[in-house]
Amino acid sequence: MTLAPADPADNFQPSYRVSRERFLEKLHRLSARLPVRVDSRAIAPRGPEGETLALDFAIVGARRPKHALVLSSGTHGVEGYTGSALQHWALDALLPRLALAADTAIVLQHANNPYGFAWHRRVNEDNVDPNRNFRDAFDPGQCSPDYEALYDCLNPADLHPDNEARRWAEIQAYIDREGLRRFQQVAVEGQYKFPRGIQFGGHRRSAGTQHLIDLTREHLAAAQTVIWVDFHTGLGESGACELICGAPLDSPAYAFAQEIWAGEVRSSQAGESISTPLNGLLDLGLQAVLPAGARFAFAFPEYGTWPPERVIRAMRSDNWLHHHGDLGDAAGRAIKAEMLEAFRPASRDWMRTVAAHGIGLVERTVARLPGASMRG
Ligand SMILES: [Zn+2]
């Protein structure tokens, strides 16, 4: 049996490659004591060390569960450090002391966007934000007029300091005029018109999106209860967590989320969350392929890292780098380092705080899952 690290910060892994290797190894060891099935679906690109990039859907417990708790990581690539840390904790500390009924499973879905995790991007190999890509139909003209007006400021063609100063002055003037929340809405809601712009939602489903839909449809085909937690970072006060639910306020999914996470969950639809309403969300896409009548509760825990301007700066510089720059030169390396810092701060205190919170959240959630109980 693996012993869980005493310091929650130790659950953080050094890279996608190492996280995946250890994840699969721990599952293999766990399979001596519990039923384990891993369904891995690779995407075409490789990681920086030539490694395979894959979504690994690991089902611990019932092979066709009636009741399932899914913990997923890395929808926004580089944000996967935090979600995978909690998956490693679950493998080391939660699953060994959990009693599961014959019809119940815990599912650990490692790296919804393995390309972004491995290459330290939020987007995937198509420059697509996966959390704007869960749609049936795509309109290549869909984009707010304000995004178009701010296009050059959001997606600079160069990073020359004089030009950057002018662009940030324009952004600031927009915020002064329309408010920070409106700017956030415009910058992050998702656009379908500019494939090289930030927050591009795609012109079709990306490979990883289709894999996740297929995995959910195939493995949760008998589900009556699905509680799903998809970990994110980069929005909110440093180290603080907001539990965001994207379901419409009058939907059963919102009511069930309130039942599971009473007092904790906030709706992004109702304006009560730090997140603004978004297009093409993963939870709505996954809910659509669950059996009719299945109870579904979904939450995005969002852990704050740095102030919004720093996070947006990192994203737009990273977008510039992948379209106009050189990953191998000093400027490119500095942008990648800042991208990591913006979504997984190097501070051990930050890691400890978010991992400790996430552990508590998962423990509270497991307690609401039918057929799961802690031993001793
Ligand atoms: Zn995210």
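Q: What makes Arg121 and Asp318 a salt bridge?
A: The model is a predicted one. In it, the closest N and O atoms of Arg121 and Asp318 are 2.8 Å apart. The criterion asks for a side-chain nitrogen of Lys or Arg within 4 Å of a carboxyl oxygen of Asp or Glu, and the pair therefore qualifies as a salt bridge.

Q: Which parts of the chain does this pair of Arg121 and Asp318 link?
A: Arg121 is in the loop between H3 and H4, whereas Asp318 belongs to helix H11 (residues 308-324). The two are 197 residues apart, and the pair is said to link distant parts of the chain. Both Arg121 and Asp318 are buried.

Q: How many salt bridges are there by this rule?
A: The count comes to 31 salt bridges. Among the residues involved, Asp7, Asp10, Arg348, Asp349 and Arg352 are linked in a network.

Q: Why are Glu264 and Arg364 said to tie together parts of the chain?
A: Glu264 and Arg364 form a salt bridge, with their closest N and O atoms 2.8 Å apart. Glu264 lies in the loop between helix H9 (252-260) and strand S9 (265-267), and Arg364 in helix H13 (residues 348-366), so the pair ties together parts that are 100 residues apart in sequence.

Q: Why is Glu264 called partly exposed?
A: Its relative accessible area is 27%. Buried means under 20% and exposed means over 50%, so Glu264 falls in between and is partly exposed.

Q: What makes Glu338 and Arg310 a salt bridge?
A: Their side chains meet at 2.7 Å, N to O, and the limit is 4 Å. Glu338 is in helix H12 (residues 330-343) and Arg310 in helix H11, 28 residues apart. Glu338 counts as partly exposed at 26% relative accessibility, and Arg310 does so at 28%.

Q: Why is the arrangement around the zinc ion called irregular?
A: The 4 donor atoms subtend angles of 51 to 146°. A tetrahedral arrangement needs all angles between 85 and 135 degrees, and this range therefore rules out that label; the arrangement is irregular.

Q: Which residues coordinate the zinc ion?
A: The donors are His76 (ND1), Glu79 through two OE entries, and His232 (ND1), at 2.0 to 2.8 Å. Along the chain they follow the spacing H-x2-E-x152-H. Both His76 and Glu79 are buried.

Q: How do you know that Glu302 has no salt bridge?
A: The nearest side chain of opposite charge, Arg122, is 6.3 Å away, while a salt bridge requires a distance within 4 Å.

Q: Why does Asn127 count as buried?
A: Its relative accessibility is 6%, and the cut-off is under 20%, so Asn127 counts as buried. Asn127 is found in the loop between H3 and helix H4 (145-149), with a positive phi of about 60° although it is not a glycine.

Methods: Residues are numbered from 1 along each chain as its sequence is written. This is a predicted model: local features need pLDDT of at least 70, side-chain atom pairs count only at pLDDT 80 or more; totals for chains, interfaces and linings use all residues. Side-chain values use heavy atoms; hydrogens and water are left out. Donors are N, O and S atoms within 2.8 Å of the metal (3.2 Å for Na, K and Ca); water is not among the atoms, so sites may look incomplete. Four donors count as tetrahedral if all angles lie between 85 and 135 degrees; four count as square planar and six as octahedral if opposite donors are over 155 degrees apart and all others between 65 and 115; anything else is irregular. Buried means under 20% relative accessible area, exposed over 50%, partly exposed in between (1.4 Å probe, protein chains only). Lys and Arg count as positive and Asp and Glu as negative; His and the chain ends are not counted. Helices (H or I, at least four residues) and strands (E, at least two) are DSSP runs, numbered from the N terminus.
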